[in-house]
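Here is a walk through a protein model, from a single turn to a chain interface. Keep the sequence and the coordinates open as you read.

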Number of protein chains: 2
Amino acid sequence: MPDLSSFEFNVVYNLLSLTVATMGAATLFFFFAPRVNRKYKAAMVVTGLVTAIACYHYFQIRISFGDAFALNEAGTYAATGKPFNDFYRYADWLLTVPLLMVELIAVMALTKAETAKYLRILIPAVLIMIVLGYPGENAIATGGSAAAIWGWFVASMIPFCIVLAVLFTQLSAAIEKQPAEARGLINFARIVVLVTWAFYPLAYVIGALGSGGESGMSTTAVVGLQVGYTIADITAKAGFGVVIYLIARKKSEIEGLDEDVKAVPAAA
Amino acid sequence: MPDLSSFEFNVVYNLLSLTVATMGAATLFFFFAPRVNRKYKAAMVVTGLVTAIACYHYFQIRISFGDAFALNEAGTYAATGKPFNDFYRYADWLLTVPLLMVELIAVMALTKAETAKYLRILIPAVLIMIVLGYPGENAIATGGSAAAIWGWFVASMIPFCIVLAVLFTQLSAAIEKQPAEARGLINFARIVVLVTWAFYPLAYVIGALGSGGESGMSTTAVVGLQVGYTIADITAKAGFGVVIYLIARKKSEIEGLDEDVKAVPAAA
């Protein structure tokens, strides 16, 4: 790890803390999920699990980032030699990304057979994507070869493209059967996946370009990678969760609210 | 404790952290338990207690493991002399393993007399099994004699075999009375107990074979023991819990869903 200026250190450290608060609050909101019928509670619980798991990991990432640097007399943050643990992000993704697929499919309330059909492709694909990304990430952090950095990148992008292909081709038929008023939102959820997930390879590329071989990562690479992944996680988990919530709420309205949620005012 | 390479240390440390997140998320899921009738809520609450207790202990185990080693200038993790507290695992098992027996019997929804009949044997047996295992584990960690290591192992395996005997002979009559559609899953739950519980003596044997007497444990023994026990705990607690959840859900469907859970979609 290179030394960071006070500004660089604080941008990352404070953003990590902001993310802990965001994920924690998002979790509580998704668990309460006002104005949503019981039918969609399972989708909302899974949505809340995703942000709960992310909240834990951002808490750990913040601590690990803080331990990796120490303020010195010049007012800059020098690397302590204690490695920043980038596995927290991958541990987080291993658990949350399959759940993101589950929440997207669950909120559509398809038949068991259809649900199983999509998840049987999507879950293994995202797991393979994450597992293939980690050695590359590790190569960036430890000054590995360009072949390793870009080889794992390309390998990981294959399942990434498969996921997008399933969402934008196969899933279209299922979306057509959704109520007309909810179709726009579900389409929007697909686009949110496309756009927010694009942040991850982008952050990886920023990290890779600044990896600097033997001399370790540049400060731009460190800050760019952390800020990029963090913004991607907020939008792909809390932001995507809000879209899932809006779908669940819209579909609840269309189908008629359950007795026990009817009394909640529309403005809430 | 022997010195560990950076890779060896990180495998254990990161797996411990992943387990904290897994157990925490599993707890929330079991407490919500969508699409499960009130009749089975008790079984699901107990299932969530097991993973909640494990979440706490893995948090402590991770801290204790981190404190037992310090990164040195050569980039390896040297033992600090601060002992790794392996009692956390046994404390965890003392609380959770009896509860695992309760959740298996509870989800079958037997008569009170039958429930009591099984738990009166299973709970003392698992407690004796754990109590007898601890001195052996301690002998492994402190370079005890082979007689101690293997003597306690054999002693602990006796109640272990009694539990399996009860599950695979006595319990069979009760399983026969379960609804046909749920019988397969309950049989599967028994097999999950058999297979996941087999990991524990296996991890013990890996630890024992690498205990190295006076010179302490080998690195293979340390890493093998921790990874083995952790994978065993994830499958025996979170994995087993998912099977219990599926049984509760299937039985709820067969018996007709309660009004308040009826609206949750089958696909979710």
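**From a helix end to the interface**

Helices here are DSSP runs of H or I with at least four residues, strands are runs of E with at least two, and both are numbered from the N terminus. The model is predicted: local features need pLDDT of at least 70, side-chain atom pairs count only at pLDDT 80 or more, and totals for chains, interfaces and linings use all residues. Residues are numbered from 1 along each chain as its sequence is written, chains are lettered from A and ligands numbered from 1 in the order written, and side-chain values use heavy atoms, with hydrogens and water left out.

Step back along α7 of chain A. This helix covers residues 219-255, 37 residues in total. Its first and last C-alpha atoms lie 52 Å apart, close to the 54 Å expected at 1.5 Å a residue. The expected span is 1.5 Å times one less than the number of residues.

Now turn to the contact between the chains. Here 27 residues of chain A touch 27 residues of chain B, with contact meaning heavy atoms within 4.5 Å. Together the two chains bury about 2,100 Å², 71% of it on carbon and sulfur atoms. Buried area is the accessible area (1.4 Å probe) lost on putting two parts together, summed over both. Arg38(A), Tyr56(A) and Lys112(A) supply 25% of the area that chain A buries against chain B, more than any other three residues.

Lys112(A) also pairs by charge. Its side chain meets that of Glu253(B) in a salt bridge (3.4 Å, N to O). The term requires a side-chain nitrogen of Lys or Arg within 4 Å of a carboxyl oxygen of Asp or Glu. Between chain A and chain B the count is one salt bridge. On the side of chain A that touches chain B, the elements giving two or more residues are α2 (41-67), α3 (87-106) and α4 (112-141). Of these, α2(A) gives the most, with eight residues.

Over all chains, the structure holds 18 salt bridges. One joins Asp67(A) to Lys82(A), with the closest N and O atoms 3.8 Å apart. Asp67(A) lies in helix α2 of chain A and Lys82(A) in the loop between β2 (77-79) and α3, so the pair ties together parts 15 residues apart in sequence.
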